[in-house]
Amino acid sequence: MTSIDSTADSPHPHRWLVLLAMTGSLSMIMLDVTVVAVALPSLSASLGMGPAGEHWVMNAYTLTIASLVALGGRLADSIGRVRCFVAGMLLFTAASVVCGIAHEPGLFLAGRVFQGIGAALMQPSSSTIVISSFAPGERGKAMGVYVGIPMLFLTLGPMVGGLLTDLWSWRACFFLNIPIALFALVMTFIAKPDAGPRTPMRIDPAGATLYLLGLPAFVFGVQQGVEWGWRTPAVLVPLCAGFALVVAFVLTEWHRERPLLNVRLFQDRGFLGNACVLFCAQFAMTGQVIFMSQYFQSELGYDARRAGTALLPMLLPTLLVVHVAGRMYDKVGARRPVLIGTALAAIGLAIQAFTVPSRSYLPIALGMVIFGIGMGFTMSPTNTDALSRVGPQRRGQASGLLGTLRQVAGSLGIAMIGGAVVLGGIGSGRTLADGAAVGHWVACIAFSLAFFAAFSLLTSGAPARNGTR
């Protein structure tokens with residue numbers, strides 16, 4: 001196994017301000033994944049969207065990030081991560097305004113796409129800036145904040161969206177991004193993070209074409225399979241072609257000297273393990289947050305505000321535990337907290353799978369608490385450990401690869417848990433509660449696979465004095 005890079009980067013003198021700015025940006029990205037979940041009925045009625053359009057409200061954003069975040073990582077390495085971050089922030093803010101003022105579906109979905117482009121520029125830049133601003137011995141704690149606070153916003157999104165929708169309008173969910181963006185930009189200007197080393201940007205046109213055509217086609221096939229039928233040519237063709245193109249992309253990039261996505265990073269068993277855990281966790285988490293908020297409204301009769309609040313039992317444990325997990329990583333490495341986290345998350349999802357058909361909130365809340373604790377132990381150590389395994393000049397590539405995997409997982413979580421399971425359950429004569437139970441079992445399997453990946457590929461061991469293992 002390739003050892004973790006031992007380069008002890010010099011800490012930035014204003015590293016905590018840097019962390020504050022980057023955390024704000026990632027929080028905004030995460031918030032926009034889930035903030036419209038509770039607002040979807042109001043948004044859909046206002047813009048005249050059907051069920052398929054509602055799904056694309058979510059996936060137009062996450063799929064764009066998944067498709068372009070690798071380019072964002074390469075661009076950050078080329079023009080400087082701070083410039084790339086600021087450009088992404090400005091584009092994201094402008095696109096949020098477009099979403100907020102849109103009065104027809106086409107303009108709104110275009111705004112969501114450009115939000116995704118801005119996020120694809122910001123996300124790899126921000127994580128690289130954080131990991132490079134702290135000395136190795138502080139990275140676990142710093143990344144605990146960087147990952148933990150945005151996870152709070154991811155889970156808080158439905159509650160915020162419900163509150164804004166009830167008190168004002170669904171449009172406020174997008175105008176909310178403006179003050180967050182201004183705060184992050186001001187903090188970046190004050191802290192002046194290091195631009196980092198630059199490398200020439202050489203993109204393989206063939207690889208980029210395979211990826212940009214293959215991934216959207218595959219996710220489109222998965223998502224539309226429920227509505228149109230899996231045997232429909234309009235589903236089978238993009239599904240099979242997209243899968244073939246993605247496989248061809250991976251094989252092509254493996255042999256490239258300057259790949260779009262440096263898939264050879266997976267040769268490090270530890271990096272591969274972290275990537276598998278992050279993929280499974282994001283898959284389960286995105287579907288869980290988005291469609292449980294709909295379950296609370298449809299099956300328990302909650303209004304938008306109460307439906308968002310009902311997710312707090314998952315939110316609060318994640319927020320508290322993520323900092324404990326960061327400190328544990330600094331002391332003993334990634335394997336122990338990740339094994340604890342993935343096991344607890346799978347147990348929490350299994351409890352919810354058994355209890356959602358009963359439509360009783362308290363046992364569901366118990367499962368959510370256990371799941372939230374598991375998420376807190378899982379997310380921060382995996383992200384920190386993965387980026388710590390590569391040198392400073394490859395962190396943009398590593399961050400782009402991890403960001404791509406997370407967003408692909410989120411898109412598939414929306415498509416498979418939301419479309420293929422929840423809506424599929426309704427279509428076959430079952431209730432949303434029955435479909436939600438199946439969805440939780442799918443998410444439970446994902447975390448079981450994450451536990452197996454952590455057990456098989458991550459190594460344990462206390463960190464040395466300089467923070468390496």
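Counting ring pairs in this predicted model gives 15 aromatic pairs. One of them joins tyrosine 61 and phenylalanine 92, an edge-to-face pair with 6.3 Å from centre to centre and 65° between the planes. Tyrosine 61 belongs to helix H3 (residues 51–79) and phenylalanine 92 to helix H4 (residues 81–101), so this pair ties together parts that sit 31 residues apart in sequence. Tyrosine 61 is buried, at a relative accessible area of 0%, and phenylalanine 92 also counts as buried, at 0% relative accessibility.

Then there's the pair of phenylalanine 296 and tyrosine 302. Their ring centres are 5.9 Å apart with the planes at 25°, so this pair is stacked; the cut-off for that label is planes under 30 degrees apart. Both phenylalanine 296 and tyrosine 302 are buried. These two rings also belong to one aromatic cluster, made up of Tyr295, Phe296, Tyr302 and Tyr361.

Now for the helix packing. The protein chain has 17 helices and 0 strands. Take helix H11 (residues 269–298) and helix H14 (residues 335–355): they pack at an angle of about 30°, and their axes are 12 Å apart. Angles under 35 degrees count as roughly parallel, and H11 and H14 are therefore roughly parallel to each other. The crossing of H11 past H14 is left-handed. On the H11 side, the residues that meet H14 are Val277, Ala284, Gln288 and Met292; their counterparts in H14 are Val338, Thr342, Leu349 and Gln352. Sorted by class, this contact has 5 nonpolar residues, 3 polar ones and no charged ones.

Which residues does histidine 440 touch, leaving aside those up to four places away in sequence? The list is Gln288, Met292, Leu349, Gln352, Ala353 and Val356. Among them, Gln288 and Met292 are H11 residues in the contact with H14, while Leu349 and Gln352 are on the H14 side of that contact. Histidine 440 itself is part of helix H17 (residues 432–457). Its relative accessible area is 4%, so histidine 440 is buried, given that buried means under 20%.

With residues up to four places away in sequence left out, threonine 378 touches Val277, Ala281, Val338, Gly341, Thr342 and Phe447. Of these, Val277 is one of the H11 residues that meet H14, and Val338 and Thr342 are among the H14 residues that meet H11. Threonine 378 counts as buried, at 0% relative accessibility.

Elsewhere, serine 44 is found in helix H2 (residues 40–47), where it is buried with a relative accessible area of 6%.

| Residue | Helix | Relative accessible area |
|---|---|---|
| Histidine 440 | H17 (residues 432–457) | 4% |
| Serine 44 | H2 (residues 40–47) | 6% |

What share of the 469 residues in the protein chain is buried? Buried residues account for 59% of them. As for contacts between residues at least 6 apart in sequence, 84% join residues at least 24 apart.

Terms used:
Residues are numbered from 1 along each chain as its sequence is written. This is a predicted model: local features need pLDDT of at least 70, side-chain atom pairs count only at pLDDT 80 or more; totals for chains, interfaces and linings use all residues. Side-chain values use heavy atoms; hydrogens and water are left out. Axes are lines fitted to C-alpha atoms, for helices over the stretch in contact, and angles run from 0 to 180 degrees between N-to-C directions. Helices (H or I, at least four residues) and strands (E, at least two) are DSSP runs, numbered from the N terminus. Angles under 35 degrees count as roughly parallel, over 145 as roughly antiparallel, 65 to 115 as roughly perpendicular and the rest as oblique. A crossing is left-handed if the near helix is turned anticlockwise from the far one by less than a right angle, and right-handed if clockwise. Contact means heavy atoms within 4.5 Å. Ala, Val, Leu, Ile, Met, Phe, Trp, Tyr, Cys and Pro count as nonpolar, Asp, Glu, Lys and Arg as charged, and the others, Gly among them, as polar. Buried means under 20% relative accessible area, exposed over 50%, partly exposed in between (1.4 Å probe, protein chains only). Rings of Phe, Tyr and Trp (its six-membered ring) pair if their centres lie within 6.5 Å; planes under 30 degrees apart count as stacked, over 60 as edge-to-face and the rest as tilted.
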